[in-house]
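Here is a short report on one protein chain.

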Amino acid sequence: MGSHGEERPEPLRLGSIAPNFQAETTNGPIDFHEFIGDNWVVLFSHPEDYTPVCTTELGAFAKLEPEFTKRGVKLIGLSANTIDSHGGWIKDIDEISGSKLRFPIIGDKQRKVAYLYDMLDHQDTTNVDQKGIAFTIRSVFIIDPKKTIRLILSYPASTGRNTAEVLRVVDSLQTGDKNKVTTPINWVPGDDVIVHPSVKTEEAKEKYPHLKIVKPYLRFTPLPKEQTSAAV
């Protein structure tokens, strides 16, 4: 049973359709699926406004937002506080980071979206509000234009995320979708990629003239940065 006396929602997995919701944000009310539109979206939650780790994270996302925008990606944050609280906090974030935070932040004081996306903290007993209700953990969902969840990350409240890693995963997903490739460990745009197992070797040799066959199941090919989603 959930904290609202309801059955817990179905667990979200990679490939699940991102649940729709309506919410108030710092940029006005939204319908989430309408907000996604034909874009990719990074939805990420924060435990609380006016907290140190969250402040550094939002400043970093604000600085990197132009890179996400170039790739057709919209950012949207969530915190378990009111919109009014968010507004004052954003001024601090801009001052501290030297950036200008433009993406919306959802006001989820009732934890409706956090509950829907299973973002609530069940580990850290100190990560609660004055009423003892659990705050959110640092969740990240990357959602594609078909409203499909492509990545889920969960960090504890005590650990800040790596914005460059979120952008790297976006590049990997978008590049893989376009080129029928997968990306190896620590890949960054410009590194060699792996030809998708569904592509037969004869076809791969025609499509990728510089194919390197390490094993029948492990075939690399160069993919210049200009041919990835980072070439924007």
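Phe-141 stands opposite Ile-152 in strand S7. Strand S6 (residues 138-143) and S7 pair in the antiparallel sense, over six bridges. Two strands count as paired if DSSP finds at least two bridges between them. Helices (H or I, at least four residues) and strands (E, at least two) are DSSP runs, numbered from the N terminus.

This is a predicted model: local features need pLDDT of at least 70, side-chain atom pairs count only at pLDDT 80 or more, and totals for chains, interfaces and linings use all residues. Residues are numbered from 1 along each chain as its sequence is written, and side-chain values use heavy atoms, with hydrogens and water left out.

**The sheet**

S6 and S7 belong to an open sheet of five strands with mixed pairing, in the order S5-S4-S3-S6-S7. S5 and S7 stand at the edges with a single partner strand each, so one side of each has no neighbour in the sheet. The twist averages 20° from one strand to the next. Axes are lines fitted to C-alpha atoms, for helices over the stretch in contact, and angles run from 0 to 180 degrees between N-to-C directions.

| Strand | Residues |
|---|---|
| S3 | 40-46 |
| S4 | 73-79 |
| S5 | 105-107 |
| S6 | 138-143 |
| S7 | 149-155 |

**Helix H2 and Cys-54**

Helix H2 (residues 52-70) lies across S3, S4, S5 and S6. H2 runs at about 175° to S3. Cys-54 is found in H2. UniProt lists Cys-54 under "active site", in an unreviewed entry; such annotations may be inferred rather than shown by experiment. Is Cys-54 buried or exposed? Cys-54 counts as buried, because its relative accessibility is 1%. Buried means under 20% relative accessible area, exposed over 50%, and partly exposed in between (1.4 Å probe, protein chains only).

**The cores**

A nonpolar core is a set of buried Ala, Val, Leu, Ile, Met, Phe, Trp, Tyr and Cys residues joined through side-chain atoms within 4.5 Å. The largest has 24 residues; Val-42, Phe-44, Leu-58, Phe-68, Leu-101, Phe-103 and Ile-142 touch the most other members. S3, H2, S4, helix H3 (83-97), S6 and helix H5 (163-179) each supply at least two residues of this core. Apart from it lies another core, of 20 residues, among them Leu-43, Ile-76, Ile-106 and Ala-114.

**The whole chain**

The protein chain has six helices and 11 strands. Of its 232 residues, 47% count as buried. Among contacts (heavy atoms within 4.5 Å) with a separation of 6 or more, 66% join residues 24 or more positions apart.
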